[in-house]
Structures are given as C-alpha cells and as structure tokens.
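The model goes in here, and my notes follow.

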Amino acid sequence: VRADDVVICLSKSGDTEEIRQLIPMFRRIGVKVISMIGNVSSHLARQSDIVLDASVKEEACPHDLAPTASTTVSLALGDALAIALLDKRGFTREEFAMFHPGGNLGKRLLLRVEEMMVAGSNIPIVREEVPLSEAIVEMTSKRLGATCVVDESGRLRGIVTDGDLRRLLQRTKDVTNVTAAEAMTKNPKTFRKGLLAATALEEMESYNITQLIVVDDQQRPVGMLHLHDLVKAGLGNEGAG
C-alpha cells in the first residue's frame, strides 16, 4: 500500500481488532480510506474519508448473526463503485474487449471477417456456364452448403445454395441441362474484409441467410462465411461471458 493508493474496507461492525490495527497504518502512509460498512457510527466509519452505508435491517441468517444480506449489499455497492469509476474514466467497449479478449464481448469487438472466413482454394467457386451438376460437386466438396458463381473475369454474379437446389427441384425434376447461372440467386449479399465478424453475423441473421460472400473492390470472391462457424465462435448476443 502506497500513498497514492485508495483502500476500500468492507466490514459489518467496523470495530474488529484487525480493522483498529490497520487504520493507523493507513493514516501514517497517507492513503485515502473508503469504507463499506454496516455501522456508520463505528470506529472504521469515523476514521474513513468516505463512508458507504451497507447496513441492513437484518441478516438472512436465522440468528441474524452471519453476514449474508449485508455481504450482498456490499457486492452491489462494489459493482456500483466500479461502474461509476468506469463512467468517470470514459472506459469504452473497445477497451473492455482489449482487456477481456476471450469473452463474447471481446470477440464481438475484435474478431474480423478475415479471421473467420474460408479463403483461397477452400472457397467454393464455379463459372456461370458450368452444368449444375458441377456446381453441386463443388458445393459438396467444400462443405459450405453453397458455391459462388462468377463470370469469366472472376467477378461475382450469384450464389447457388442448398435452398436454391430445393426450389429448383420443386419446379422441375430434369436438371440435366441446367447451368449454374440458371439456378443461382443473383446479386447475393456480400461483405468486405476488415469489418467485424459480429456485424457479418447480424447481417446474416437479418436476411435469414446461412452464407455470406466476402469480396474485394472488384467484386471478386476472396472468402466465404458460414453462420454456424460464427455462432460456434461465440459471436451471438448472449453477453460478455
């Protein structure tokens, strides 16, 4: 304990022997003392710079002896003090994420699209003119439940998903001569690298889609995100965790 510290003392009675021994030491060092206390007339209260009243009418203990309700009050006051300090410092969500990267909030504020997407040769891609059977093989081999459909320049033109295949088979049973371009959904939702993966998840949930294609400035696919991977990574809205 140094002179530039602040000591927070928690005590129900404020008159225990160890408290009486500690207070003179704190005074000699010159630290400020904040007390969370059940007796605002106690020795500790009189020697404190700030007194937070943590008194209760009675304890949950059937004998009204063991600190039970009073410990809950102290916990609540401690939380309130921490939040007041957080507000005073202007502590941001981003700072929280930096110091708590393993929790859900940290992941939501730090994890980028490129860290979660499938990239390179693992991206399912076919040309517009290929037979639908080839597109299905690509979808099956890459196991993302979809494939990008691109033109001869590699620019994204559409996406073929499991849902597209089901809808197609409802219209016709003969898909022998169907091309990827004829089966695809045109102008699919896309995303860019550098953006938050949590924002991508919100986009997917908003449009009720399972896959999201990541494109570059020329609209060429550079990655694909799958909803299940983002949820498994803890990017849902369950809290900071």
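**The largest pocket**

I started with the largest pocket, which holds about 340 Å³ of space. I noted the rule on a 1 Å grid over the protein atoms alone: a pocket is an open set of points where a 1.4 Å probe fits, with protein on both sides within 12 Å along at least five of seven lines. Its volume is the space filled by probe spheres set on the points, and grid points are joined across faces, edges and corners.

I then listed the lining, meaning residues with an atom within 4 Å of a point. There are 19 lining residues, and the closest to the pocket's centre are Ile 159, Thr 161, Ile 209, Thr 210 and Gln 211.

Two notes on the source belong here. This is a predicted model, where local features need pLDDT of at least 70, side-chain atom pairs count only at pLDDT 80 or more, and totals for chains, interfaces and linings use all residues. Residues are numbered from 1 along each chain as its sequence is written, and side-chain values use heavy atoms, with hydrogens and water left out.

Which elements supply at least two residues of the lining each? I found β6 (156–161), α8 (162–171) and β9 (211–215). Helices (H or I, at least four residues) and strands (E, at least two) are DSSP runs, numbered from the N terminus. α8 gives the largest share of the lining, five residues.

I also sorted the lining by class: seven nonpolar, seven polar and five charged residues. Here Ala, Val, Leu, Ile, Met, Phe, Trp, Tyr, Cys and Pro count as nonpolar, Asp, Glu, Lys and Arg as charged, and the others, Gly among them, as polar.

**α7 against α8**

Next I looked at α8 beside helix α7 (residues 132–142). Their axes come within 11 Å and cross at roughly 145°. Axes are lines fitted to C-alpha atoms, for helices over the stretch in contact, and angles run from 0 to 180 degrees between N-to-C directions.

Which residues make the contact? I wrote down Leu 132, Ile 136 and Met 139 from α7, with Asp 162, Leu 165 and Leu 168 from α8. Contact means heavy atoms within 4.5 Å. By class, I have five nonpolar residues, no polar ones and one charged.

**Thr 179 and Glu 129**

I followed the chain to Thr 179, in the loop between α8 and α9 (180–183). Setting aside neighbours within four places in sequence, Thr 179 is in contact with Glu 128, Glu 129, Val 130, Pro 131 and Leu 132. Thr 199 is 20 residues from Thr 179 in sequence, and their C-alpha atoms are 33 Å apart.

Glu 129 sits in the loop between β4 (125–127) and α7. I checked its relative accessibility: 48%, partly exposed. The scale calls a residue buried under 20% relative accessible area, exposed over 50%, and partly exposed in between (1.4 Å probe, protein chains only).

**Lys 189**

I found Lys 189 in the loop between β7 (185–186) and β8 (190–191). Lys 189 is partly exposed at 35%. Beyond four places in sequence, Lys 189 is in contact with Glu 203, Tyr 207, Ile 209, Leu 212 and Ile 213. For Lys 189 and Ile 213, 24 residues apart along the chain, the C-alpha separation is 7.0 Å.

**Positive phi, and a serine**

Arg 143 is not a glycine, yet has a positive phi of about 60°. I place Arg 143 in the loop between α7 and β5 (146–150). Is Arg 143 buried or exposed? Arg 143 is exposed, at 75% relative accessible area.

Gln 219, also not a glycine, has a positive phi near 65°. Gln 219 lies in the loop between β9 and β10 (221–226) and is partly exposed at 31%.

Last, I looked up Ser 74, in helix α3 (residues 69–89). Ser 74 is buried, at 13%. Apart from residues up to four places away in sequence, Ser 74 touches Leu 10, Met 36 and Ala 54.
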